[in-house]
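Subject: Structure for your review, with notes on aromatic contacts

Hello,

Here is the structure I said I would pass on. My notes on the aromatic side chains follow below.

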Amino acid sequence: MANYYTSLSKNQSTTTLDALYQDLDSFIHELSVDLPPQSTSDGKNIITTYEAITSTETYPCMMDQKDKHDSATFRYYGECKLDGKRDSGSSTGQETVCPESLDCAARNPRPESTSPSDRSFASVDAELHQSSTSLHGSKSSSLSTASSYANPTETSSPSSSDPSAPRPLPSHPHPTISTSTNTITNDAPKELTKVSVDEHTVVYTTRSSSLNRQMSTSSEKYAGPTFMRSNNLLSPKLYSTPTSPLATHVARFTSESLAASHAHSPCIVFPNYTLMSELGEKFIEEVYTMTERRKIFCSAEYPTSFSGEEAMDIIRSLFPTGLPDNTYRKIARSLIHTTPALIYPLSYSEKSVRNNTLYDSPHEVYNLAEEALEGDIPQGVFTQLTPCYSNFCLPGQGGCYAPCCPNRSSAPSSETTKRHPDLQRHTSLSSSMASSHDTSVSRAWSASVSREILQRTPDVEIKRQEAIHEIIYTEEDYVRDLNLLDELYATPLRTAQCLEESYREAFCDNVFNNYMEILQIHRQLYRDLRDHQSYCQSQNSAGFVDKIGDIFLRHLPKFKDAYTRYGPHVVLAEYAVKKEMGRNILFQNFIHEKQRQAECRKLPFRHFIILPVTRLQRYPLLIGAILKKTADDHPDKQSLLQCADMLKSVASEMDERTAETKNTLRICMINDRIVYKPNEMHDLRLLATGRKLLHEGILTRRSHMVVETVELHVFLFDHMLVLTKLRKNSAGEEEYHITKRPIPLELLHVQEATEGFSLGLRAMSSTYTSTFASHTGTTVGSSPFGTHYPLLIHHLGRHGADHLLHAENAEARLAWKEQIVQAKAAMERLQPDRQVFEIRSLSDTTFTGATAHGASFNHGKITCSVPFVSTRGIRMIAIGTLAGIWMGIEGDTNSIHQVLSLQDVQQLAVLEEHRILIILADKSLYAYALDPLDPTLSKKTDERPSQKIAQHVSYFNAGICNNRTLVIAMKKRGMDSHFKAFEPICGDLRDPKNAKFMTSKSSFFHKAPSWFKVYKEFYIGADSSAIHFLKARVVVVCTRGFEIIDLEQLHLNRNIPDLNNPDYGFVQQRGDELKPLAMFRCKEHYLLCYNDFAFLVDSHGSFIRDAYLWIAWEGTPHSIAFYYPYVIAFDSRFIEVRHVETGQLVQVLAGVHMRCLQFTNSAFAPVIHGCMAHPFKPEYQYVFQLIANFEPPV
């Protein structure tokens, strides 16, 4: 029994339908005729009879909607289990069947249906099972044809106006059956042949086909589950040629398990690579897999590039073996000619670009098209590899009536082509139309000369002329593509509305750079080459070009400037285009529209942008090819050698600059992916000109219990250190979330690395044990949780913090330290004008600190110092500590000795004209004769004349006001500050006339003459902290601001700033947290310094807004010094130097326990002394002086 289902496309012409119906009529007639008797081994005649044929039904092919191809007519075969007797003499698996073994399916007619959706698989399976059971159990039956065929009146007649509608099948004579003689009478007896597929499946046919052959071994392993081809659902009843190399997968079921297979069997999907969409997706997947495990010479520039040989290997792996190599090659080449193209040849492959095709060669390279990577996969069908849609048409039978039957041995006949011109296959002409030359004509030099010339020309000269000719015609192609870049992209974009007018010009300048300069150079170069070639062709019939080196030498000097500007910038141009396409759909459409134009030859926009780079890299190869074929005595030899050297030099310099530009590209990518905390924006200045990324990597941060480890992605730029966490957004893109405040390099200090910078040492230091180890009591590098490599980073300033990070290993930690040291050193070298002060040592290892271990004597904390000049003109220094006073030569540590033993020395001052040392110790103010204390002078006696000036003194200051030398001391009484100004009257104590002041008292009632007299007394009703001298006034720094006092007219005192003035609202808002520190005259203005900020006022106390509103200190200064035009603020961890006129942070000098010891505001050269812990020996106190590296302005 055979069930015959046909799906017929409505688009078929009437002629095609007539041929199909004629074939159907013939087939039904063959099934209705008498069958001849068969003889068995025992001589019995077995009459094979045909009983019934079920009605026909239409099952359309479920096709991929994306792929447009002819509808395929599938065949539906019934499956049954028979009790027929096999002929013992037969070896083909065929057997004849008795009438008793057949039962008519018409006894259980199927319901009429016009749509596959009206019939479920379950209903079909149940009918098959019922039919199989009735066939197996029947013993005899009367033979008759199915009524649907025998009675044409039961079939509706289609409308004559619709040629595609099914027509009624013709009636055939009913066979006469004689059961007694087991014969059937018919004019054209035929034999019905059963073909065994497996033990439970048979197929009946009257034709000879490849189904008579047994199933191949490879096909049998698929028995069992339901099989599906991608996008085309195949019923379990569908079969294709089992042994064909292009065979589709076959599913075989027993009638008992057919229904159960749909409910329990797994669904296996088999790809159909005859569909271009599926082949394209798989090809892209294979290319990605291949590029992950190997790299070729252009992988860095084209990550998805591959060779022609690799492309052919991928195609062979996807299609069945046994096909001709030309078939694989045609499939691979079709990937270039689709619309849009799936792949395209790179400019390195001149042969492929010239002919716009693919070659099975490892030297020809190709790349995936951008449209394909974005999901725009080409669509189509490889009709040569698809099975025929005709029902019984199988390979090897010579084809069928279908006009494009793939089983036909030859191409469609001319008659068929004339009848069906729309069935011809179309070829892509866009590539050849888009080329500027005819790709069917060879551009080789040998193709332009006669055979006689080639025969008498030496092979070496032929190859030399070929190389010269290649460099000329490729130069023509290069100029053509540069013109396309100008005409299709650069010029239209400058007026296109797809870019906002505000940044259109800047964007175009960034993307196209100086392409016009390069275009002009090569237009002239090509014109000279072409003219010289034409001249040579006019001089000899063969057209030999004698030399071209001299032409290149005239133009190569222009290459360096043009290409070193354009080449390194290409990576930034590509990134700008990619970024704009990602956020601007109008720009994206503009580029895609241009790429679809024929002139672009399916080349992406990127090809034209990077073309000058690839061309410059190719010049040495082209020149080298000519050099290899040029004799040493040839006049062009030396010129070509010079050309090769110049080209290599330009390419080398371009590559070096490209490496720097790639660093800039990385910075741009980081800048675009930086994510700030809410309401916490930072000006990272990553896109500033010349910005560099010096180092990046992973460091970890651990909790105080070392329970949780957090990975930080750290970036070290040439101006800043940024700590981020790497995360991915919803689109899968990486983002860098800032976790800590970025650290400027000026405020970056790394333990055991950057300590020497304050002393002018620019090398990494590691001469003492880590402070972290000393504080925690553990050895650096080990912990209860294993070995770790800590990196202690200090962010100096009030907004900073200390970050204890951990490197993966010791090498990584060392690399971070070295990179930070080099970054800080490079920044100082690039900004020499910002190194305005340097630290000069006054004493480095004389004074031990409180943390010193094993010291024989504790000198106490250094509190003050003062410089002076000895009688012999030696620069000296006096240093006060909590234990006394030391004197010695500046910078000579060994010369410093203790001269006085006083407790709690707080301040020192020297009155040079009177040779008096003023000391504030234990709240008492003393005056000592200076020379008797000088350790460099020989003394006749140990007597040290002195006087106590005042007691209960909180602080004092000595200076000149109104041409008077004064010592002003402050005593605190309640909340008031009482001041007493002392004026020296002793004169120069070295003068013999003043010897009476050097004598001690002679009796109980006789006192020594006083060295000072009281000049003025005054007070202010506020707590004060310091007093400064102006030219004619003094300034008292108090809690309510700065009190200006005229010692001659005390009633004219006034306070600044005026907090009632709304301009000073920012001062009043700080409240009690704000502490005034100092006030300095700055030309015609005054600088008021607080612990949070500093600002300028005029002589009337009005707020100045010229260059800035105020200076915000990075640290929290406790004392301020002034050296015009710079103000120096002392924080406990660093000194910050700022420019008074701009407010800019100029310099930072880091240290531990920083403090100001002395500031003498001299009009010519202010003296600034400081102290800190020794950078390399923290148990010592380091005394230094800030020396100016600039000429003080007049």
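How many aromatic pairs does the structure hold? The count is 41 aromatic pairs. Please bear in mind that this is a predicted model.

One of the pairs is Phe 847 with Trp 886. Their ring centres are 5.4 Å apart and the planes meet at 80°, so this pair is edge-to-face, the cut-off for that class being over 60 degrees.

Another pair is formed by Phe 1122 and Tyr 1124. Here the centres lie 6.2 Å apart and the planes are at 50°, so the pair counts as tilted. Phe 1122 has a relative accessible area of 5% and is buried. Tyr 1124 has 17%, which means buried as well, since the limit is under 20%.

Ring pairs also build a cluster, made up of Phe 1042, Tyr 1064, Phe 1066, Tyr 1090, Phe 1093, Phe 1095, Phe 1103 and Trp 1110.

Two lysines sit over tyrosine rings. Lys 351 lies over the face of Tyr 359, 4.2 Å from the ring centre. Lys 1016 lies over the face of Tyr 1015, its neighbour in numbering, at 5.7 Å from the ring centre.

Regards

Note on methods. Residues are numbered from 1 along each chain as its sequence is written. This is a predicted model: local features need pLDDT of at least 70, side-chain atom pairs count only at pLDDT 80 or more; totals for chains, interfaces and linings use all residues. Side-chain values use heavy atoms; hydrogens and water are left out. Rings of Phe, Tyr and Trp (its six-membered ring) pair if their centres lie within 6.5 Å; planes under 30 degrees apart count as stacked, over 60 as edge-to-face and the rest as tilted. Buried means under 20% relative accessible area, exposed over 50%, partly exposed in between (1.4 Å probe, protein chains only). A charge sits over a ring if NZ of Lys or CZ of Arg is within 6 Å of the ring centre and within 35 degrees of the ring normal.
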